[in-house]
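Biologist: Could you take me through this one step by step? I would like to know what stands behind each term.

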Amino acid sequence: MDSSKEVSDEIFPYIRVYKDGTFDRLAGFEVAPPGLDPDTRVDSKDVLILPDTGIFARIYLPSSASSAAKKLPLVVYFHGGAFIIATIADPKYHASLNALVAECNAIVVSVDYRRVPEHPLPAAYDDSWAALQWISSEQARSEPWLRDHADFDRLFLVGDSGGANMSHHLAMRLRDDVLGERVKLSGIGMIQPYFWGETPIGEEVVDHGRKALVDSWWRFVCVSDKGGDDPVINPFADGAPGVKGLACKKVLVIVSEKDILRDRGRLYYEKLVESGGPAAAEFMEIEGEDHVFHIFDPSCERAKRMFKRLASFINSDGDGA
């Protein structure tokens, strides 16, 4: 980081932008290689899935895969980072997904996407949609780990924060697109989803500091003049499509008690229930924790409890509870 350059903007805790147009990311730039994790015995490898944009996915394989009596659920995972930081190789995400895969006994495809500011939105959404198209392709079905171990008929989306937001938009797009005829989602796991709005609700009404902080995150990446009421970040703003017809069988919304995004996640769950489906809605609140706590400490007891709930959600044959 160059302390001699004049700063034009700093979006804490993600990025510092200089007046000459350059920038430094303040977090999420560390790299962990794929491979066999000695603690969980989960294996992983990186695969180029979208050559035109250089997008890779990291595929995770639980140790039980080779001896399983039947193929395992397939989870497409989208990481968070406010669309600004983090990648599939982030050590914190890598450790968290090793723990999640071991608990869920599922095949996970963690998808990268292009980030702001190099690639303004909707590049991240375009990449996530293209990744779903890849999942539906013969190329994905012929990838050795997926071919041998993944049940494409038990397909889930899971994401945290911005990744959960993208999962919502993917399911809404599947509702109306021909791809929805080939890609059938069994469910979506939303971990502390990143939704927002101009008018404060819940804790946002009294927590002015964190409301302003999240406002700054979104305004840095928002490409419209609607701010927090852009339908991308607020699915219940005027003109937004809401959640009616969300193209999946069930949704699990997970929030954390101390997270400023908690009330938006709860609202999303309530709107899902009010919509009458077709997606059945489940809800979990983690007491005493803040946003994406499980990324920072995937071995803590509350993270383990959350992973167990996700495992039950993914491996259950029912359509919701």
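**Terms and their cut-offs**

Modeller: E285 is partly exposed, with 28% relative accessible area.

Biologist: Why is E285 called partly exposed?

Modeller: Buried means under 20% relative accessible area and exposed over 50%, with partly exposed in between (1.4 Å probe, protein chains only). E285 has 28%, so it is partly exposed. This is a predicted model, where local features need pLDDT of at least 70, side-chain atom pairs count only at pLDDT 80 or more, and totals for chains, interfaces and linings use all residues. Side-chain values use heavy atoms, without hydrogens and water, and residues are numbered from 1 along each chain as its sequence is written.

Biologist: Which parts does the pair of E285 and R266 tie together?

Modeller: E285 lies in strand β11 (residues 280-286) and R266 in helix α7 (residues 262-275), so the tied parts are 19 residues apart in sequence. Helices (H or I, at least four residues) and strands (E, at least two) are DSSP runs, numbered from the N terminus.

Biologist: How do you know that E287 and R302 form a salt bridge?

Modeller: Their N to O distance is 3.8 Å, which is within 4 Å, so they qualify.

Biologist: How many salt bridges does this rule give?

Modeller: The count comes to 24.

Conventions: A salt bridge is a side-chain nitrogen of Lys or Arg within 4 Å of a carboxyl oxygen of Asp or Glu.
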